[in-house]
Amino acid sequence: MKRVFSLLEKTWLGTPIKFTWQKTSGNYLAVTGADHIVKIFDRHGQKRSEINLSGNCVAMDWDKDGDILAVIAEKSSCIYLWDANTNKTSQLDSGMRDQLSFLLWSKFGSFLAVGTVKGNLLIYNRQTSRKIPVLGKHTKRITCGCWNAENMLALGGEDKMITVSNQEGDTIRQTPVRAEPSNMQFSMMKTDDRTSTAESTISVVVGKKTLFLFNLNEPDSPIDLEFQQRYGNIVCYSWYGDGYILIGFSRGIFVVISTHIREIGQEIFQARDHKDSLTSIAVSQTLNKAATCGDNCIKIHDLAELKDMYAIINLDDENKGLGTLSWTDDGQLLALSTQRGSLHVFLTKLPVLGDACSTRIAYLTSLLEVTIANPVEGELPVTVSVDVEPNFVAVGLYHLAVGMNNRAWFYVLGENAVKKLKDVEYLGTVASVCLHSDYAAALFEGKVQLHLIESEMLDTQEERETRLFPAVDDKCRILCHALTGDFLIYGTDTGVIQYFYIEDWQFVNDYRHPVSVKKIFPDPNGTRLVFIDEKSDGYVYCPVNDATYEIPDFSPTIKGVLWENWPMDKGVFIAYDDDKVYTYVFHKDTIQGSKVVLAGGTKVPFCHKPLLLYNGELTCQTQSGKINNIYLSTHSLLHSLKDVELNDLRQMLTQTLMLKRFSDAWEMCKILNDHAAWNELARACLHHMEVEFAIRVYRTIGNVGMVMSLEQIKGIEDYNLLAGHLAMFTNDFNLAQDLYLASSCPIAALEMRRDLQHWDSALQLAKRLAPDQIPFISKEYAIQLEFTGDYVNALAHYEKGITGDNKEHDEVCLAGVAQMSIRMGDIRRGVSLALKHPSRVLKRDCGAILENMKQFSEAAQLYEKGLYYDKAASVYIRCKNWAKVGELLPHVSSPKIHLQYAKAKEADGRYKEAVVAYENAKQWNSVIRIYLDHLNNPEKAVSIVRETQSLDGAKMVARFFLQLGDYGSAIQFLVMSKCNNEAFTLAQQHNKMEIYADIIGSEDTTNEDYQSIALYFEGEKRHFQAGKFFLLCGQYSRALKHLLKCPSSEDNAAIEMAIETVGQAKDELLTSQLIDHLMGESDGMPKETIGMHMTFSSACMQNLNLRRSKFPLKWPPTS
């Protein structure tokens, strides 16, 4: 809280003073002390007039409009009247013979009530100059009173009575009280019934202890409110809000009570504001604040939240105590009197006047003081003292303007000081002024005057010094205007926005809106402009292309707009009302065209007026004459990425992309290191047509396809063509088509639809753009329709696709017609076309369709024509056309077909044809079976078995020979078919074991089989055979036993085999047995060895030679 001025008159010292503010405007302050003079000061502390009295001032009061100050003094029956408009004093004779003690103007009308020490009353109507004396209203001095809105007058006196009178002085009600009344007020109690708005409740302090409430509608039930003794005496009180009363007590406490009947007697709030004493309270309904004073300080509370302290003003130099507090009606100034006779005036609410040009701001810091600052450039604030309390403030690059009514004062902003330049008088009351470098523009009474600020310093033509808009013949009123470096821009009540180019001194652009334009806000360059119309709708207007874009979610309470001054954030602006700031972004270049988006909202503190927006930081002016910086919620997290949680960082990324801050978004993506985040950034780059940045992002995430695609289109200069490609990349194909069609290459729309296989759209586009492409598109469409099963439309499009001059293309279409005709049931046409068509594949496909349709004859015909002999033969078989099958067999490679044919011929008894087909099918068992069972050709069957080594064939041959009684052959083929047990049994039964043994000896046979044969021969006492097979199965001891038992006819072969047995066994015992046998030790008949090639071991030979040395033999033996 800033102290505006203090009054300390010598004549006032040591005595309390009285003062009262002029009602409504608060421009004057009347003060009086013990010097018999009422001095009148303006709101800046300058004395404007004084009224000499006959004695000390008893009472003074301003009328409701603040035009007349009425004063009564001791030793005089006159009423002093000072006129604020003429600065003259007059005296009115009251006609009362006794001393005047009370004076009060009515709230409505021009009635003045004057009371005397003897209880008499005078009601004076200033408008009619009528005086109504009322004698005996009270029996003693009238001390207090109040008027209500219905001009009823309540009075209280030392006779302890309260009377209520009308404006004629007639007593309507009266009631006694217990002690002397004081501080009487009219108000309205809080009730459930809201129908009555009359001030029907009188409140009065009785005996400084109780608060007496007297309701005129319920005179028989007054309310007496008593308070705790510890509070002290009631000093003063004030009504506020919906029936609440704030009461101040002498011991520093104030309480709030409600007058609602259910809450009466309860303290809503209670606080000890001052330690020792409280001397006064004051409430400003305008500010919604309450002030208390005591203990050398003033404390101010917000009535909405009383426990919060709004401000504290310390008055350390006032050691004799404080006096009375009083606010002006507008809440701007708070006056305080003191016990030593001084008076202090504080600024509690300053008119929020401010302006900005580029990054320089000017704002009102006191009633007669303007501060200029440039927070962005870091310049020190400069304070300028002005001559008048301004109604408007404007700042330019080099000048400051302040003014009121029809005058403006201009100041030059130097490097070190501010110099007053001149004042200009306009032709009407100025609503606002705009400045830039050289020119000023003032709006007054529907007109704008553009003029040079320093005309004498510039070498300009006289006609370029000033100009009045609009022209005389233009019947419109200008409602708003703005000034940029190049243009004067204004909006009119007819909805026209005009651009006046200052350099050429002529109009260069106009835009016509359907309704009147109330406010305009150009960006720093003037190339974009926000305007608000009379419907409170907001638009962005671009004069370059004369286009407007509606601002979404635009609040009807918006007071103003600020554009971002940071060069990197072009297109960002805010719209603000009393409570909130809305951040918008104008996206000029997107694939969807230019548009405005709402980025977010930010709550602003109470009574903050935005002046400047720079890099998301909003500089606001406050009621206290200071500036406060707040960060927009859309920007607040962008200034520091440290210690930010990942979820918050993802939200920040979305916000950053909306603001088109791609470099910041890049840093966030690096921190997130999330594929989804990189993709979000890449999509945003595509949306905003930032191709180079998008390539950089896609290269980072390794999306090679997108990088190559973007590299191919990045040099395209056609805006719509480039946007179309990007829209296609983002899968917005309808938008891409619209953009392609609006570009210099509309055929790209057709190419896109063809690539996407959107054939309906492609055909529509082809009719307009490339009729020669319709057949080719129809063919592709037909292929897709065929794939989805829509054969009717597929046939139609195949037929449309036939050109007559493109052989390859037409063959595809004719093939499609053939297939679709067959599928639609027109088999004759389809088959005919397929047979004529050169394609083998078509014949195959049509044949497959016909085969599925059970049209076997036609299917086989097409297969045969297409040289698909296997398929043709298979279908001929299905329709039992064996003749055709036979014709095709030489060309058939499928064993399955041959097998089917063979089975059919066998069933018909045509075995020779069947056996040939079986051979072609490689069905050897069936061939063998036919030769044996039907053709009686066992030789052929045997040769096939020997050639193919077929086990099943061998079994069949074995069974054949068994039936013939040729057991040897049967055994041979049983062994060949691996049926060794059956062969063994058969050989055993028919005494053919020698044959079995010969056969088995030549086969890869198991030891078990050899053992079975050996055992058989052992049982038959055929020692040589038994020994041989025991040797084969590895039973050397038994083999040697049988070989040594062989008769002499088999002696040589047996001896050789015995030697072989001993050689394989490598057993000393067996070797000794053989040697003993050869030496004749067992039977006394030595045997002669037969050649030296025997497979004896060296040890065996040594033994044998040793034996021979003992028992010499003749060699060779003699017969």
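Reader: In what order do the four strands of the open sheet lie, and how do they pair?

Author: Happy to walk through it. In this predicted model, the order is β26-β27-β28-β29, with antiparallel pairing. The edges are β26 (280–284) and β29 (305–314), each pairing on one side only. From one strand to the next, the twist averages 20 degrees.

Reader: How many bridges join β27 to β28?

Author: Six bridges link β27 (residues 289–294) with β28 (residues 297–302), and the two run antiparallel.

Reader: Now to salt bridges. What is the general idea?

Author: Side chains of opposite charge can pair when their charged atoms come close. The count here comes to 29 salt bridges. Take D387 and K420, where the closest N and O atoms are 2.5 Å apart. D387 sits in the loop between β36 (379–385) and β37 (392–395), while K420 belongs to strand β40 (residues 418–425), so the pair ties together parts 33 residues apart in sequence.

Reader: Which residue forms a salt bridge with D664, and how far apart are the closest N and O atoms?

Author: That is R661, with the closest N and O atoms 3.8 Å apart. Here D664 is partly exposed, at 27% relative accessibility, whereas R661 is buried, at 8%.

Reader: Which residues are linked in a network of salt bridges?

Author: Look at E692, R699, E711 and K714, which are linked in such a network.

Methods
Residues are numbered from 1 along each chain as its sequence is written. This is a predicted model: local features need pLDDT of at least 70, side-chain atom pairs count only at pLDDT 80 or more; totals for chains, interfaces and linings use all residues. Side-chain values use heavy atoms; hydrogens and water are left out. Two strands pair if DSSP finds at least two bridges between them. Axes are lines fitted to C-alpha atoms, for helices over the stretch in contact, and angles run from 0 to 180 degrees between N-to-C directions. A salt bridge is a side-chain nitrogen of Lys or Arg within 4 Å of a carboxyl oxygen of Asp or Glu. Buried means under 20% relative accessible area, exposed over 50%, partly exposed in between (1.4 Å probe, protein chains only).
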